[in-house]
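Here's a quick tour of a two-chain model, with a look at confidence, overall build and a few individual residues. Grab your viewer and follow along.

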Amino acid sequence: MRIWMIVRLALGGLRRTPLRVVLTSLGVTIASGAIVSMVGFALGLQAQAEAPFEKLGLLNNIEVTPKGLEFAHHPHDPDDAPPPDDAPAPDDAPAPDDAPALDDAAMERMEAIPGVVLTYPDFRATGIKLIHGERREGATAIGFPREASLLGFVRDMLVAGDFFSVSDAPEVILSEQLARKVGFESPEKALGAIVTLEATGLSPEEAETFRFERKELKVKVVGVYSVPRMGPRMVSSSVVLPVELMKQIPGIQFTPALASLRAGRTAAGAGYQRVTVRVRHPSDLASVEQKIRDMGFKTRTLLSQLEEMRTFFVFIDVLLASVGTVALVVAALGIINTLLMSVLERFQEIGIYKAIGASDGDLVVLFLTEAGIIGLLGGLGGLALGRAVSWILELAVNAYARGQGVTFHLDLFAFPVWLLAGAVAFAVVVSVLAGVYPAVRAARVDPIRALRRE
Amino acid sequence: MHCASGAETLIETRDLAREYRVGSSTVRALDGLDLTVRRGEFLAVVGVSGSGKSTLLHLLGGLDTPTSGSVRVEGRDLASFRKSERTIYRRTMVGFVFQSYYLVSSMTAEENVALALTFQGTFGETRRSKAAEAIRRVGLERRADHRPNQLSGGEQQRVAIARAIVHTPPLLLADEPTGNLDRATAGEMMSLVRRIHEELGTTVVMVTHDEETASRAADRMVRLRDGRLVDAGASTP
């Protein structure tokens, strides 16, 4: 109540010199506008960089690889000579005997870890030919479990059709780009079509030998997906197959089988080269990752790579915010100046306040409030200014980008609520700090001297 | 002393002195003043300008502290008060009226009056009704929404008086309240202060150089010269 009256009193004080107050808070406006637009720009860039990760749902994934199996550096090069038996083992390869195989049994154990929603072998086969009619297009086949239809992001990516049905039907999902390349005019036209996938590769046999195999799979297009722009390029010319269909692709098990043989085991017990474990929420990542490591596997998450990128962006944010803060400090000097002038001009009024019962504390609160109001006005103005500047820049950049043939809209800026609220709060706090000295001066006014001036 | 028997003493100053340093020289505004003010009394302090009248008023009101001597109000020495205690004393015990009214120009008459209550921590409906009552008491209810620059000098001084009595302090200190007013208005103002003094039982200490005005309104008149009391006069007729 008392505070509210003092706020009213402060407003009355500010109303007397509107131009001066407006000019002073304009300084704050420019400073906080600069902070908002610059940090908003950095955040916008960061969002652009992170969007593909999040849209593809990669942040919830843990990539699991077996320990100790030395994969050949050129897995598709059969001429790669195995190392001689007496060669020393590579540094990071412990005795292969105690490293567990990344097989179906291991995957079942991982799936039982709380927080895990999905586990599937990470199959990826390059050099696949997609055949539709007369057209043949090179593609990469990616395995995805049929159960993944339950995950929201999977459906979000589909532009036509549906995800795999829960059956054994040979089905495929094409990327929009690939669908166009093999002659479908629109994603919808591709639905229901039967296309052929031709794959060649080396399949392990009973003895420690491999057999060259060529296979043709007839699959039905059930869906077409589109990847977010700036996403991994490879994903845009891919076909997605159910995991069990991927297992039939020749050569898919070549690398782990070869590695297993090198380690002195059988090709059949090789397990998978890589398994993806998906957790329900990124917060589950750490605990699940630790449990999988305890099982004796190597893990890697995209989140950890993303963290590095984020650290970089935090640095950029801080740098840009510091530049804005310099401007705010200059604005704060303006506030000090304005309020000191106000104290001098209202010398007598301050004396009256004291004579009719104001305490020193009341006067401190009064002037800090005036400073805070200037800061608040300036901060709110800064939001408007920051948004206006970013809007104009975005229009200009997009106009230029369209001229250069960019078809999509670039969102250069991001303005999360915390940035907007934080910028206003920061402006208010700095302004109130600037008000401290004038407020103390006001409190020190000697009422006798103030009232003797006639 | 000159204290009438039977009446309770409200203020008593003993050997009160106040010096100011002006450059290298020292000015003695008050020089060993002994004064007693009874509760419910209307006292006029007259003297030419520079006689120390305003200094006395500031000391009685706790705005200033004496160089030596004491000011006892209800038996307590103001000089021993801490700063915060003096603030509370001003808030609760004293109402000030000045020659130049000293209203806050950005506020209406009623807001000026209510301002005093704000600093005293009175809010809401109580604050509004008390301010309205004080405005009514000085006869300005029709002008309550006007700002000082829309009011005549007499009206502004009425607002100042309303502000000084809104919290019904036991002591009203008036510093040349009629100094800026014409004779007719000054007379009205004196009757107003006199009426308040009688209705509310407020003790009034008024300093003025205008003996005629003072003698008409006050119960008793004392004369100050060079910081000393020269004529501890008895009650005026």
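## Ground rules

A residue is buried if 20 or more other C-beta atoms lie within 10 Å of its own, exposed if 12 or fewer, and partly exposed in between, with C-beta atoms placed from the backbone. Keep that one handy for the residues further down.

This is a predicted model, in which local features need pLDDT of at least 70, side-chain atom pairs count only at pLDDT 80 or more, and totals for chains, interfaces and linings use all residues. Residues are numbered from 1 along each chain as its sequence is written, while chains are lettered from A and ligands numbered from 1 in the order in which they are written.

## How confident is chain A?

pLDDT is the predictor's confidence in each residue, from 0 to 100. Chain A averages 82 on that scale, and 88% of its residues score at least 70. Going element by element (helices are DSSP runs of H or I with at least four residues, strands are runs of E with at least two, numbered from the N terminus), the lowest mean pLDDT in chain A, 72, belongs to helix α4 (residues 152-157), and the highest, 95, to helix α13 (residues 417-443).

Then there's residues 72-95 of chain A, where pLDDT stays under 50. Two residues are in contact if their C-beta atoms, placed from the backbone, lie within 7 Å. By that count, the model has 15 contacts beyond four places in sequence for residues 72-95 of chain A.

## Chain B as a whole

Chain B has 7 helices and 10 strands. Its radius of gyration (taken over C-alpha atoms) is 17 Å, close to the 18 Å that the globule rule (2.2 Å times the number of residues to the power 0.38) gives for 237 residues, so chain B is as compact as a globular protein of that length. Along the principal axes, the C-alpha atoms of chain B fill a box of roughly 45 × 45 × 40 Å.

Of the 237 residues in chain B, 48% are buried. Take the contacts in chain B between residues at least 6 apart in sequence: 69% of them join residues at least 24 apart.

## Residues to click on in chain B

R183(B) sits in helix α6 (residues 183-200) of chain B. Buried or exposed? R183(B) is exposed, because it has 11 other C-beta atoms within 10 Å. The C-alpha atoms of R183(B) and V204(B), 21 residues apart along the chain, are 21 Å from each other.

Now for some backbone angles. D15(B), in strand β1 (residues 9-22) of chain B, has a positive phi near 50 degrees despite not being glycine. D15(B) counts as partly exposed, because it has 13 C-beta neighbours inside 10 Å. D226(B) also has a positive phi near 50 degrees, and lies in the loop between β9 (220-225) and β10 (228-235) of chain B. With 14 C-beta neighbours inside 10 Å, D226(B) counts as partly exposed.
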